[in-house]
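Here are my notes on this model. Please read them with the structure open.

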Amino acid sequence: MRTVAHHVKACLDAVGIVPDLQVVLPDAMGCVLAEDVTAPQDHPFVDSALLDGYAVAAADVAQARPANPVELPVVEDVRAGVSDRMHLSRGTAVRIASGAPLPVGADAVVAVEFTDHGEARVQVRSAAAVGENVRPQASDMAEGSVVLRAGTRIGAPQIALLAAVGRGRVRVHPKPRVVIISIGDELVEPGQPRTPGEVYDANSHAIACAIQDAGGMSYRVAAVTDERAELRQTMVDQLVRADLIVTTGGLSYGVGDTVKDVLSPLGQVRFDQVAMWPGRQFGVGHLGEGEESVPIFCLPGDPVAVQVAFEAFVRPAILSMSGYGSIFRPTLRATCTREFYSLAGKREFVRVRISGDPREGYRATPLGDPGALLISELARANAFAVVPESTTQVSAGTELVCMLLDD
């Protein structure tokens, strides 16, 4: 029987980082950067105005007060985007727009609200310190400096930075394409009528959303029956578009559970009992041969066990494939609010609701019977409390490590 840690390693070993490629900026959103990005020039390129106002020599307005303004002639109007820097003579002012290059000889900008908005001459009603309202050259980025490191997840602020340094394309690790296949004769698509004995396919919908939340691209296949020929053809058809295949169901020992038989001639997949609850038997391996092979994870069929397995095994693998350095959920220690029994020899993932704060400490309230597979309680959980294999009795007040489900 495998330990949870052993199976986590097997899943991570089965996958690799998706090869990087160059994409245009909109397609980089949500991906992980695969290269260091450097600034091709200083930003700002020259000293520039931080806001609309008047560029002056600070010494010329040192005595300016609301009741005793200093009046200066306005010799020029400088807008953003001009390339040539003018020279400012002492005793004069230049009306300047936010972002415009500061004239040579000016060392401060007086905000327009501290003036009379003059055009030919301006009354300055407040003194300005040297450097006030000025963005010095290279204060944001210096030429040649690394502004984004490889391994950074690209969001809107990173897109803004890439555009600001003139990058129209960038190398990224693309989002992994993950195919989800729910297996079972009893499965019915939500929204359709069902008969006694049939169950709605909760797994493929939930896992598809969880994959997207982890940064992958999900492709949900309609529920497949246990019939060997149909299941085999579905597997083969999905190989062309998958970086990873995740199946749920079909792992029991009944005559209708055909996953192992179908996968055996298609590749190398190992099935093991894993010492955890919920969950029991899992598979990990590859379909196909050589560099064209596709990793596959086989999960049980119960929706609660599937959600636990996704967090423990699949989500870290997807993040690893995406190029992330940190791939595991954050954890914290919380005090259990009530007692319960935990299965001997198995690492149990218990649905809990975390409350509290860092100052007073955190509390973990189990939701329902920890040994029961209750999807209604799973929907209320914001963490899994992890009970070690050696612990069978958890008392109120016991401190447990909890895997947070809400980032």
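**Pockets and packing**

1. The second largest pocket has a volume of about 320 Å³. A pocket here is an open set of points on a 1 Å grid over the protein atoms alone, where a 1.4 Å probe fits, with protein on both sides within 12 Å along at least five of seven lines. Volume is the space filled by probe spheres set on the points.

2. The model is predicted: local features need pLDDT of at least 70, side-chain atom pairs count only at pLDDT 80 or more, and totals for chains, interfaces and linings use all residues. Numbering starts from 1 along each chain as its sequence is written, and side-chain values use heavy atoms, with hydrogens and water left out.

3. The second largest pocket is lined by 18 residues (an atom within 4 Å of a point). Nearest its centre lie A242, D243, E291, S293 and P295. The lining splits into 11 nonpolar, three polar and four charged residues.

4. The largest pocket has a volume of about 480 Å³. It has 28 lining residues, and G249, S252, P300, G301 and D302 are the closest to its centre. By class, this lining holds 12 nonpolar, 10 polar and six charged residues.

5. Five strands (DSSP E runs of at least two residues) form an open, mixed sheet, ordered β8-β5-β7-β6-β9. Strands pair if DSSP finds at least two bridges between them. β8 (108-111) and β9 (121-124) are the edges; each has a single partner strand, so one side of each lacks a neighbour in the sheet.

6. β5 (residues 53-56) and β7 (residues 93-96) pair antiparallel over three bridges. Y54 has R95 in β7 as its bridge partner.

Terms used. Helix = DSSP H or I, 4+ residues; strand = E, 2+ residues; numbered from the N terminus. Nonpolar A, V, L, I, M, F, W, Y, C, P; charged D, E, K, R; others polar.
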